[in-house]
Amino acid sequence: MEAPTAPYDRAETELTVTSPEQMRELGRRLAGLLRAGDLVMLNGELGAGKTTLTRGLGEGLGVRGAVTSPTFVIARVHPSLGDGPPLVHVDAYRLGGGLDEMEDLDLDVSLPDSVVVVEWGEGKVEELTDDRLHLVIHRAVGDTTDEVRHVTLTGLGARWATADLSGLAFPA
């Protein structure tokens, strides 16, 4: 992760999520902070909850269509059912390299008018904007049925400098 250029251009918080339902609710809550032009990068192990969180984002943004993993189509656009921004959901898992391979998706064109969520986007889409929200979802690995996830949210750039990301936490 790149270093911030100034101490005020970064907001960070850590949350604990105890179920898939809470992960979806986190997405709904997060949608309340998002607006057109926001880039959200999601990283975490397979099965960590990236798509579940994005389903909640879609519900919170009030977009059309079921939010499912776009692994095989790479990207899906979910238009708004109201006056909010559309949701562009990208799965960059199978894409190597940086922004060059992402150019065919026209994310730079979509970004100003949409909320763009990129699963597995680290090292691939940072060049789109200095202002982005990066979520890393940590889960126990191996043979486990543990539903607990630890989510680190890092807002980078002026857009996120004053955001209260800790307000997304669930009561203990």
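What share of the contacts in the chain with a separation of 6 or more is accounted for by residues 24 or more positions apart? The share is 66%, a contact being defined by heavy atoms within 4.5 Å.

The structure is a predicted model, in which local features need pLDDT of at least 70 and side-chain atom pairs count only at pLDDT 80 or more, whereas totals for chains, interfaces and linings use all residues. Residues are numbered from 1 along each chain as its sequence is written, and side-chain values use heavy atoms, with hydrogens and water left out.

**Figure 1. Overview of the chain and its secondary structure.**
The chain holds four helices and seven strands, which follow one another along the sequence in the pattern β-α-β-α-β-β-α-α-β-β-β. Of the 172 residues, 45% count as buried, where buried means under 20% relative accessible area, exposed over 50%, and partly exposed in between, with a 1.4 Å probe and protein chains only. The accessible surface comes to about 8,500 Å², and 49% of this area belongs to carbon and sulfur atoms; the areas come from the Shrake-Rupley method with a 1.4 Å probe, and for residues only the protein chains shown count as cover.

**Figure 2. The seven-stranded sheet.**
Seven strands form an open sheet of mixed pairing, in the order β1-β7-β6-β2-β5-β4-β3; two strands pair if DSSP finds at least two bridges between them. The edge strands are β1 and β3 (75–78), each of which pairs on one side only. From one strand to the next the twist averages 15°, with axes taken as lines fitted to C-alpha atoms, for helices over the stretch in contact, and angles running from 0 to 180 degrees between N-to-C directions. Helix α1 packs on this sheet, where it touches β1, β6 and β7, and its direction makes about 150° with that of β1.

Seven of the eight residues of β7 are buried, so that the strand is mostly covered. Strand β1 (residues 10–17) runs antiparallel to β7 and is joined to it by eight bridges, with E12 standing opposite T154 in β7. Strand β6 (residues 132–139) also pairs with β7 in the antiparallel sense, over eight bridges, and I137 has V151 of β7 as its bridge partner. Strands β2 and β6, by contrast, run parallel and are joined by five bridges, N43 having V136 in β6 as its partner.

**Figure 3. Helix α2 against the sheet.**
Helix α2 lies across β2, β4, β5 and β6, running at about 170° to β5. Its twelve residues should span 16 Å at 1.5 Å a residue, and this agrees with the 16 Å between its end C-alpha atoms; the expected span is 1.5 Å times one less than the number of residues. Buried residues of α2 include K50, T51, L53, T54, G56, L57, G58 and L61, and what covers the buried residues includes α1, β2, β4 (87–91), β5 (115–119) and β6. Just after the helix, G62 takes a positive phi of about 70°.

**Figure 4. Salt bridges.**
Side chains of opposite charge can pair when their charged atoms come close. Counting a side-chain nitrogen of Lys or Arg within 4 Å of a carboxyl oxygen of Asp or Glu as a salt bridge, the count comes to six. One of them joins the side chains of R10 and E12 at 3.4 Å, N to O; R10 is partly exposed at 27% relative accessibility, as is E12 at 46%. Another joins E59 and R24 at 2.3 Å, N to O, and this pair links distant parts of the chain, with E59 in helix α2 (residues 50–61) and R24 in helix α1 (residues 20–31), 35 residues apart. Both E59, at 35% relative accessibility, and R24, at 33%, count as partly exposed. These two residues belong to a network of salt bridges that links R24, E25, R28, R29 and E59. In a further salt bridge, the closest N and O atoms of D38 and R159 are 2.8 Å apart, and here D38 and R159 are buried.

**Figure 5. G167 and L15.**
G167 lies in the segment after β7 and counts as exposed, at 55% relative accessibility. Although G167 and L15 are 152 residues apart in sequence, their C-alpha atoms are 9.9 Å apart in space.

How values were computed
Helices (H or I, at least four residues) and strands (E, at least two) are DSSP runs, numbered from the N terminus.
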